[in-house]
Amino acid sequence: MTSTLPATRIVEVRAGILRKNDELARALRARFEAAGVFVVNLVSSPGTGKTAFLEWTLTALHQRGVRVAALVGDLETDNDARRLARSGAPVRQINTHGRCHLEAEMIEAHLDGWALGELDVLFVENVGNLVCPASYDLGEALRLVLLSVTEGEDKPLKYPTMFNSADIAMITKADLATACEFDRAAAGAAIESVRPGMPVLACSSRTGEGLDEWLALLDRRRSHWRTQWPAPGVVPSPATSSRTVP
Amino acid sequence: MHELSIAQSIVEVAGAEAARLQATRILTVYLAVGRLSGIEAGALQFSYDLVTEGTVLAGSRLVIEDVPISIYCAPCGALRELPGVNRFRCPVCDTPSGDIRRGRELDLTGLEVDERVAATCETLSPVNGTDAMTGVPERPA
Ligand SMILES: [Zn+2]
């Protein structure tokens, strides 16, 4: 007797849902490595002072002769890009038109006309959001997560995915720490809990506190990266080609 | 709320697989979602119903497999499943570990297709393992 039930079958499939973004991010990463440009993806919740931090970083690097540029993600406006352009570094705005995160495709689309080989460091200011940007690889070499002293020490425990995906944590608005009764040790423990071994720095864009330490760490990470991905014409020294991150 | 973007990606990826299988009707989509993928299952389910309308996935069910985080613990020499998402320490010996082996997945793992329109499925095995490949590239610890 023939069954009249619809015959269905379960077929095994293996496909990453974000494979399109991931493939594009890999291609971007290869392009950045070939050009010798170190890309930093800045992520945070809204209101951490990300733009002030970036303006401060761009200005300092530009003054020190580092060839630096920035791509700035924003939901609708170009206010941040205009503000960052005061640093003297080339800045481009990426309007996400309501999207809560940047994707590799948006980065690629905004590189047109930029000679990447003439840049040392490119910052990408992601959309202020501690959830969605965690899922999207932008081809960056370093992901920096910002946490302000006004947010509470347990934020890393509430957003473990984002903190876990980051390489360095930066506590911002350190000049307000006392007024906010911010417990640096508790914040450090929360970060350590979700991302064991991640360096934690603190800074204030207002007082300049922590700037030197941040730029020194950035420089060490970039130097280490360059030993693995030398820019064209640079021969890596065997003595410095260790994969241990300083 | 990036689950809407994610749901659109599911339509693209599952749609491409359906086309490869020459299936014109998909009944169920199986997804492995790691606890570190940053995806909220409820929001994804809601978005899914919105974006599948008018596609080969219209009316299909989305079945989400929750994948816990597993870390490799060097002192134990073993993979350890974590009970939560915000304490990356071995639950047995309490050693911190950032060596994540599972829990970042965002993978399509299976499709239930109408067999009468999916003759090419004959050569494929049914869903068995849960060893899904990682959707998000591993970042150095
Ligand atoms: Zn252990």
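A:Asp137 and A:Arg29 form a salt bridge, with the closest N and O atoms 2.7 Å apart; the term stands for a side-chain nitrogen of Lys or Arg within 4 Å of a carboxyl oxygen of Asp or Glu. The two partners sit in distant parts of the chain, 108 residues apart: A:Asp137 belongs to the loop between strand S5 (121-125) and strand S6 (142-148) of chain A, and A:Arg29 to helix H1 of chain A. Helices (H or I, at least four residues) and strands (E, at least two) are DSSP runs, numbered from the N terminus. A:Asp137 is buried, at a relative accessible area of 4%, whereas A:Arg29 is partly exposed at 22%. Here buried means under 20% relative accessible area, exposed over 50%, and partly exposed in between (1.4 Å probe, protein chains only).

Please keep in mind that this is a predicted model, in which local features need pLDDT of at least 70 and side-chain atom pairs count only at pLDDT 80 or more, while totals for chains, interfaces and linings use all residues. Residues are numbered from 1 along each chain as its sequence is written, chains are lettered from A and ligands numbered from 1 in the order in which they are written, and side-chain values use heavy atoms, with hydrogens and water left out.

Side chains of opposite charge can pair when their charged atoms come close. Over all chains, the count comes to 23 salt bridges. One of them pairs A:Arg19 with B:Glu17, at 3.7 Å between the closest N and O atoms. Because A:Arg19 lies in helix H1 (residues 19-35) of chain A and B:Glu17 in helix H1 (residues 3-20) of chain B, this pair joins two chains. A salt-bridge network links A:Arg19, B:Glu17 and B:Arg20.

In chain B, the side chains of B:Asp114 and B:Arg25 meet in a salt bridge of 3.5 Å, N to O. This pair, too, links distant parts of the chain, 89 residues apart, with B:Asp114 in strand S6 (residues 106-114) and B:Arg25 in the loop between H1 and strand S1 (26-34) of chain B.

| Residue | Relative accessibility | Class |
|---|---|---|
| A:Arg19 | 28% | A:Arg19 is partly exposed |
| B:Glu17 | 8% | B:Glu17 is buried |
| B:Asp114 | 5% | B:Asp114 is buried |
| B:Arg25 | 45% | B:Arg25 is partly exposed |

**A helix crossing in chain A**

Helix H2 (residues 50-63) and helix H8 (residues 211-228) of chain A have axes that come within 11 Å and cross at roughly 70 degrees. The axes are lines fitted to C-alpha atoms over the stretch in contact, and angles run from 0 to 180 degrees between N-to-C directions. H2(A) and H8(A) are therefore roughly perpendicular, a label that covers 65 to 115 degrees. On the H2(A) side, the contact (heavy atoms within 4.5 Å) is made by A:Phe53, A:Trp56, A:Thr57, A:Ala60 and A:Leu61, and on the H8(A) side by A:Leu211, A:Trp214, A:Leu215 and A:Leu218.

**Two positive phi values**

Most residues other than glycine have a negative phi. A:Glu181, not a glycine, has a positive phi of about 50 degrees. A:Glu181 is found in the loop between strand S7 (168-172) and helix H7 (184-194) of chain A, and is exposed, with a relative accessible area of 68%. For B:Asp94, phi is near 70 degrees, again positive in a residue other than glycine. B:Asp94 occupies the loop between strand S4 (78-81) and strand S5 (100-102) of chain B and is partly exposed, with a relative accessible area of 36%.

Terms used
Parallel < 35°, antiparallel > 145°, perpendicular 65-115°, else oblique.
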